[in-house]
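Subject: Structure handover

Hello,

Here is the structure we talked about handing over. Please open it alongside the notes that follow.

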Amino acid sequence: MAEFESNVSPRTIAVTAGRPLGEGDPLNEPIVLASNFRAGPEYARTHGTRTWAALEEAIGLLEGGRGLTSSSGMAVASAIVFALRPEIVVLPSVSYLGVRALLGDLSARQDLQTREVAIQNTLEVVAALDRASHEAKSGSDGVVLWVETPTNPTLDIADLARLCREATSRGIRVVVDSTFATPIGAQPLRDGATVVMHSGTKFIGGHSDLLIGAAVTTDDAVYEALARARVVQGATPGALEAFLALRGLRTLPLRYEASARSAEQLAALLTSHPHIESVRQAGPMLSFVVRGGAEAADRVCASTTVIVPATSLGGVESTMERRQKYPGDAHVAPGLIRMSVGIEAIDDLWNDLQCALASIGSR
Ligand SMILES: Cc1ncc(COP(=O)(O)O)c(C=O)c1O
């Protein structure tokens, strides 16, 4: 495994981590398609492969911990719950609907309880942690704070450093879904989080052509529990997906910076647009509310030519979607559009948005 000084830039780590170092080796680990290996106990699901290990090394180095990949972001979320076995999970009320569905299903089966909070309201979260610690049979050991920041789809921002301090001083474990922040926008382990997770399907992969997930932790016992979860749940990454995710990760810092710059400019332009009620921006993500509700927002999404109407995000191409149409996001504003800003030219994106917004009045 490559060693890095603490002052090495994430850009350099993204490009150099996870490379084979032997003389004559290829510059990147090849796609190891084997499940079985000669003359040993090795088996891909239980021991991993060099293709996975290269990606895990790179994500681990960027986040400052030990990385483990899985078949999807949801597989990682499931593995984390399996590994940490919380009695009560305190989570954002507006956050990724898949994770809320997972925790909701487990709660309906009485495997755990959930407490929903406004994650941007630190005092409310801390009060919920204190109540949960009193209510859990095993006290604060039974409580997990599940942070998503920025949240999907409203881009609420948690005070991560403060929340980690408050939680860890009470002995409460903290999970951070950092999918929107990416390892470039935040390194939650450095704030004291127990484990950070990513849907690598999004910005890490960066090309909308794979499903993968990753967890990173500095806690060896948590790492072992997550590794065990992958063995027994069997949610292993595909060989091609792991290879492509590392290939995507190599350009993550550049893509993130370019997209975030464009998103900031678009946010400023949208703010003064007459058809826009409100705008939020966090990194490469935008969340804006169109005047005229669901119908107007649907028209905008159907009228773009450069920006792709699509449900996923984090690719080189800009995508957008009205979110309130999903039952899991029924509580967000009807006209809210979540946009993932890609790396197209900013002028083309703005022209596209302006034309699409003009379609609202032209019925
Ligand atoms: C914040 C967040 N976490 C987790 C996931 C789940 O990831 P996957 O689709 O890779 O399972 C998503 C997917 O949209 C997401 O946006």
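P150 sits in the loop between β4 and α7. The peptide bond joining T149 and P150 is cis, with omega about -10 degrees. P153 lies in the loop between β4 and α7 as well. A cis peptide bond joins N152 and P153, and its omega is about 10 degrees. Most peptide bonds are trans. Keep in mind that this is a predicted model.

**Helix α7**

Which residues of α7 are buried? They are L160, L163, C164, E166 and A167, in a helix that runs over residues 160-169. Viewed down the axis of α7, these residues fall within an arc of 165 degrees, so they line one face of the helix. They pack against α6 (122-135), β4 (143-148), β5 and α9 (188-191). After α7 comes G171, with a positive phi near 75 degrees.

**Helix α5**

Helix α5 covers residues 97-108, twelve in number. From first C-alpha to last, α5 reaches 16 Å, close to the 16 Å expected at 1.5 Å a residue. V99, R100 and L103 are buried in α5. They cover an arc of only 100 degrees around the axis, which puts them on the same side of α5. An α-helix has 3.6 residues a turn, so residues three or four places apart point the same way. D105 and A108 are on the other side of α5, and they are exposed. The cover over the buried residues of α5 includes α4, β2 (88-92), β3 (113-117) and β5 (173-177).

Is Q110 buried or exposed? Q110 counts as exposed, because it has 7 C-beta neighbours inside 10 Å.

A39 also deserves a look. A39 has a positive phi of about 55 degrees although it is not a glycine. Its place is the loop between α1 and α2 (44-47). A39 counts as exposed because it has 5 C-beta neighbours inside 10 Å. For context, most residues other than glycine have a negative phi.

**Strands β2 and β3**

Five of the five residues of β2 are buried, so β2 is largely enclosed by the rest of the structure. β2 pairs with β3 in the parallel sense, over five bridges. In β3, V117 is the bridge partner of P92.

**The nonpolar core**

The largest nonpolar core has 101 residues. Which of them touch the most other members? A58, I80, V90, L145, V147, V174 and A215 do. Helix α4 (residues 73-84) gives the most to this core, with eight residues. Domain 1 (10-249) and domain 2 (253-361) both give residues to this core, so the core lies between them. In soluble globular proteins, nonpolar side chains tend to be buried together.

Take I80 as a case. Leaving aside neighbours within four places in sequence, I80 is in contact with V175, V195, M197, A215 and L226.

**The two domains**

The protein chain is divided into domain 1 (10-249) and domain 2 (253-361). Their C-alpha centres lie 27 Å apart. In domain 1, 23 residues are in contact with 22 residues of domain 2. On the side of domain 1 that touches domain 2, α1 (10-16), α5 and α8 (182-185) each supply at least two residues.

**The five-stranded sheet**

An open sheet of five strands runs in the order β8-β9-β12-β11-β10, and its pairing is mixed. Which strands stand at the edges? They are β8 (276-282) and β10 (308-309). Each has a single partner strand, so one side of each is left without a neighbour in the sheet.

Strand β11 (residues 319-322) pairs with strand β12 (residues 336-340) in the antiparallel sense, over four bridges. In β12, I337 is the bridge partner of R322. P327 is found in the loop between β11 and β12. P327 counts as exposed because it has 9 C-beta neighbours inside 10 Å. The C-alpha atoms of P327 and L211 are separated by 23 Å, with the two residues 116 apart along the chain.

Best wishes

Methods. Residues are numbered from 1 along each chain as its sequence is written. This is a predicted model: local features need pLDDT of at least 70, side-chain atom pairs count only at pLDDT 80 or more; totals for chains, interfaces and linings use all residues. A nonpolar core is a set of buried Ala, Val, Leu, Ile, Met, Phe, Trp, Tyr and Cys residues joined through C-beta atoms within 7 Å. A residue is buried if 20 or more other C-beta atoms lie within 10 Å of its own, exposed if 12 or fewer, and partly exposed in between; C-beta atoms are placed from the backbone. Domain bounds come from an automatic or database domain assignment. Two residues are in contact if their C-beta atoms, placed from the backbone, lie within 7 Å. The expected span of a helix is 1.5 Å times one less than its number of residues. The arc is that of the directions from the helix axis to the C-beta atoms. Two strands pair if DSSP finds at least two bridges between them.
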